[in-house]
Amino acid sequence: MTRKIVVLNPKGGSGKTTIAINLAAYYAAQGLGPVLMDHDPQGSSTRWLKKRLQDQPRIHGIAAYEKNFRVTRSFLLRIPPGTQRVVIDTPAGVPAHGMPDLVKGADAILVPVLPSDIDIHACSKCISDLLLVAKVRRSEGRIGVVANRVRRNTVVFNTLMRFLATLQIPVITTLRDSTNYLRAAELGYGLHEMKPYLVREDTETWLPLIDWLESRPPLGATASPVPLVEASTPVLEAAS
Ligand SMILES: Nc1ncnc2c1ncn2[C@@H]1O[C@H](COP(=O)(O)OP(=O)(O)OP(=O)(O)O)[C@@H](O)[C@H]1O
Ligand SMILES: [Mg+2]
């Protein structure tokens, strides 16, 4: 079964790419044949993917931001057989009217949010656009917030958690502000591919997220499984 996970928040620097690449690397290590689809013209996840070596678990990359893209149904053909997870990284600045296409057929929509006033405000707008413009129903339980770069017991963290409680959207996990993410990204690694004793405190915070994603009920048969792009899609592969 292919599950599609979209990481979305129009606010720049909230952690979309960090979450997308680490999830893809985790799924690769689990043998789930992930696809990492990069919708960001900055190509950050694509660049990370290119750093990966042949002997690392394989992630199939699709540079969905390439300019010659047109959306068609034949994209389905570009997902390699056996793909069980599609992780989608989205750019900063996605307008509300761009959201319906991005989240179409998504089993889960992850919204990373940083603990700051500006980010809290942006997150609130993102969730309301998902509900009102993209017409994601709260009752579907597809939206999950990830509090990112958190330093616990700070005033702003407590403000963030209070705010998230008012949204009635679940906070799936809180990720620490940790240099492990920077180190891993520089090397083309996922957190879970680093030496366990270095990253244990961080990998633990991914468990609730992975559990939540795996427990998503599959979308109804009426939903389109993945966003669709034409067969000329450039495909970037890392490792095998
Ligand atoms: N939990 C974290 N701890 C430490 N650094 C982090 C963490 N999450 C993200 N970062 C760093 O913050 C910066 C922005 O993160 P990232 O690129 O994932 O955000 P983004 O939402 O994809 O940004 P953009 O909107 O520009 O695409 C990066 O340098 C990343 O390494
Ligand atoms: Mg990014």
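Start with the shell around ligand 1. Its residues divide into six nonpolar, nine polar and four charged. Here Ala, Val, Leu, Ile, Met, Phe, Trp, Tyr, Cys and Pro count as nonpolar, Asp, Glu, Lys and Arg as charged, and the others, Gly among them, as polar. There are 19 residues around ligand 1, and Gly12, Lys16, Thr17, Thr18 and Ala92 come nearest. The elements that give two or more residues to this shell are α1, β6 (143-150) and α6 (179-187). A residue is near the ligand if its C-beta atom, placed from the backbone, lies within 6 Å of it. Helices (H or I, at least four residues) and strands (E, at least two) are DSSP runs, numbered from the N terminus.

A word on provenance. This is a predicted model: local features need pLDDT of at least 70, side-chain atom pairs count only at pLDDT 80 or more, and totals for chains, interfaces and linings use all residues. Residues are numbered from 1 along each chain as its sequence is written, while chains are lettered from A and ligands numbered from 1 in the order in which they are written.

Now α1. This helix covers residues 16-29, 14 residues in all, and reaches 20 Å from its first C-alpha to its last. That is close to the 20 Å expected at 1.5 Å a residue, taking 1.5 Å times one less than the number of residues. Of its 14 residues, 13 are buried, so α1 is largely enclosed by the rest of the structure. Buried means 20 or more other C-beta atoms within 10 Å of a residue's own, exposed means 12 or fewer, and partly exposed is in between; C-beta atoms are placed from the backbone. Gly31 follows α1, with a positive phi near 75°.

Next, strand β1, residues 3-7. Five of its five residues are buried, so β1 is also largely enclosed by the rest of the structure. Arg3, Ile5 and Val7 point one way, Lys4 and Val6 the other. Five bridges join β1 to β4 (residues 85-89), and the two run parallel. Lys4 stands opposite Val86 there. Three bridges join β1 to β5 (residues 108-113), again parallel, and Val6 has Ile109 as its partner. Strands pair if DSSP finds at least two bridges between them.

Last, backbone angles. Most residues other than glycine have a negative phi. Lys135 is exposed, with 10 other C-beta atoms within 10 Å. Arg149 also has a positive phi near 60°, but lies in strand β6. Arg149 is buried, with 21 such atoms within 10 Å.
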